[in-house]
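The sequence and structure come first, then the points by topic.

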Amino acid sequence: MIKSLYVVGSLRNDNIPKVAQEIRLKTNFEVFDDWYAAGPEADDYWRTYELNRGRNYEEALAGRAATNTFRYDKSNLDRCDACVLVLPAGKSGHLELGYFIGCGKPGYILLDADYDRWDVMYRFATKVMRTPDELIHELLS
């Protein structure tokens, strides 16, 4: 039984809080999308900050800021019962979905209206859907 849902996606995807709120209003799930509060340019600011310190990408990934952010996201992925990747999303979102499914938990994909690139690897997902209502129906059944 699903009690908590991690909403995976891009910091630049304006639909993340909308989808999360719709799920909150129509279910009793605890919906986690708090990561979105970092803002659309969080990764860009982190990169600039680390480069200004003279660190390369590998060094920045090993740094305290990246470690704390990673632990925060992973701890919430680990505690949630299901996740949904809200498209469009980038590498991080796809990695999080893959990690989640690899842990044996259900992971869904919510396509965006303009999705024009097809990918057979989305078959790894528990289910691929087009609307939040389809997702909610699936989660509640």
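A disulfide is taken here as a pair of cysteine sulfur atoms within 2.5 Å. The model is predicted, and by that rule the count comes to zero disulfides. Salt bridges, in contrast, come to nine.

**Cysteines**

- The closest cysteine sulfur to that of C83 belongs to C80 and lies 8.7 Å away, which is too far for a bond.
- C83 is buried, at a relative accessible area of 0%.
- For C103, the closest cysteine sulfur is that of C83, and the separation of 9.7 Å is again too far for a bond.
- C103 is partly exposed, with 40% relative accessible area.

**Salt bridge between separate elements**

- D44 and R12 form a salt bridge through their side chains, with an N to O distance of 2.2 Å.
- D44 lies in helix α2 (residues 42-52) and R12 in the loop between β1 (4-8) and α1 (15-26), so the bridge ties together parts 32 residues apart in sequence.
- D44 is partly exposed at 36% relative accessible area, whereas R12 is exposed at 53%.

**Other salt bridges**

- D78 and K74 meet in a salt bridge at 2.8 Å, N to O.
- D78 and K74 are four residues apart in helix α4 (residues 64-79), which means that about one helical turn separates them.
- D78 is partly exposed, at 34%, and K74 is partly exposed, at 28%.
- The closest N and O atoms in the salt bridge of E50 with R53 are 4.0 Å apart.
- E50 is buried, with a relative accessible area of 3%, while R53 is partly exposed at 46%.

Notes. Residues numbered from 1 in each chain as written. Predicted model: local features only at pLDDT ≥ 70, side-chain atom pairs only at ≥ 80, totals over all residues. Heavy atoms only, no water. Buried < 20%, exposed > 50% of the residue type's maximum accessible area, 1.4 Å probe, protein only. Helix = DSSP H or I, 4+ residues; strand = E, 2+ residues; numbered from the N terminus.
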